Amino acid sequence: MKVGDLVRIAPYCTNKGRLALVVRTGVRGQVWIVYTDSGPHLNTSDGKGHAALIRNLELVSESR
């Protein structure tokens with residue numbers, strides 16, 4: 001996954017089905033995401049997004 005990819009949270013996760021954008025890549029199969037909807041976890045106080053495991057994300061649309 002890369003920055004700008006649109007992803008959906010996997011059905012077995014707490015936030016299942018929510019859409020998010022990848023805003024930063026990490027190490028060990030992890031990326032940082034920002035949710036695109038107005039749910040309770042839209043933004044974080046530090047503005048960096050939420051850490052997410054790549055295996056818990058489904059790619060919806062790749063960034064160009």
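What percentage of the 64 residues in the protein chain do buried residues make up? Buried residues make up 25% of them, where buried means under 20% relative accessible area, exposed means over 50%, and partly exposed lies in between (1.4 Å probe, protein chains only).

This is a predicted model, in which local features need pLDDT of at least 70 and side-chain atom pairs count only at pLDDT 80 or more, while totals for chains, interfaces and linings use all residues. Residues are numbered from 1 along each chain as its sequence is written, and side-chain values use heavy atoms, with hydrogens and water left out.

**View 1. The protein chain and its confidence.** The protein chain holds zero helices and five strands. Helices (H or I, at least four residues) and strands (E, at least two) are DSSP runs, numbered from the N terminus. Along the sequence the pattern reads β-β-β-β-β. The pLDDT is the predictor's confidence in each residue, from 0 to 100. Its mean over the protein chain is 86, and 83% of the residues reach 70 or more. Among the elements, S1 has the highest mean pLDDT (96) and S4 the lowest (92).

**View 2. The open sheet.** The five strands form an open sheet with antiparallel pairing, in the order S4-S3-S2-S1-S5. Strand S4 (50-53) and strand S5 (57-61) are the edge strands, each pairing on one side only. On average, neighbouring strands of this sheet are turned by 50° against each other, direction ignored. For this angle, axes are lines fitted to C-alpha atoms (for helices over the stretch in contact), and angles run from 0 to 180 degrees between N-to-C directions. Two strands count as paired if DSSP finds at least two bridges between them. Strands of a sheet pair through backbone hydrogen bonds, either parallel or antiparallel.

**View 3. Strand S1 and its two partners.** Strand S1 (residues 6-9) pairs with S5 in the antiparallel sense over four bridges. In this pairing, Val-7 stands opposite Leu-59 of S5. S1 also pairs with S2, again in the antiparallel sense, over three bridges. Here Arg-8 stands opposite Leu-19 in S2.

**View 4. Strand S3 and its two partners.** S2 and S3 are antiparallel and pair over five bridges. Ala-20 stands opposite Tyr-35 in S3, and Arg-24 has Trp-32 in S3 as its bridge partner. S3 and S4 are antiparallel too, pairing over four bridges. In that pair, Ile-33 stands opposite His-50 in S4.

**View 5. The loop between S2 and S3.** The hairpin of S2 and S3 has four residues between the strands. Arg-28 is found in this loop, and its phi is near 55°, a positive value in a residue other than glycine. Most residues other than glycine have a negative phi, and most peptide bonds are trans. Arg-28 counts as exposed because its relative accessibility is 79%. Gly-29 also has its place in the loop between S2 and S3. With a relative accessible area of 40%, Gly-29 is partly exposed. Gly-29 and Leu-53 are 24 residues apart in sequence, and their C-alpha atoms are 5.8 Å apart in space.

**View 6. The largest nonpolar core.** A nonpolar core is a set of buried Ala, Val, Leu, Ile, Met, Phe, Trp, Tyr and Cys residues joined through side-chain atoms within 4.5 Å. The largest one has 11 residues, among them Val-7, Ile-9, Cys-13, Val-22, Ile-33 and Leu-57. S1, strand S2 (19-25) and strand S3 (30-35) are the elements that give two or more residues to this core. S3 gives the most, with three residues. In soluble globular proteins, nonpolar side chains tend to be buried together.

**View 7. Arginines over aromatic rings.** A charge sits over a ring if NZ of Lys or CZ of Arg is within 6 Å of the ring centre and within 35 degrees of the ring normal. Arg-18 lies over the face of Tyr-35, at 3.9 Å from the ring centre. Arg-24 lies over the face of Trp-32, at 3.9 Å from the ring centre; the bridge partner of Arg-24 in S3 is this Trp-32.
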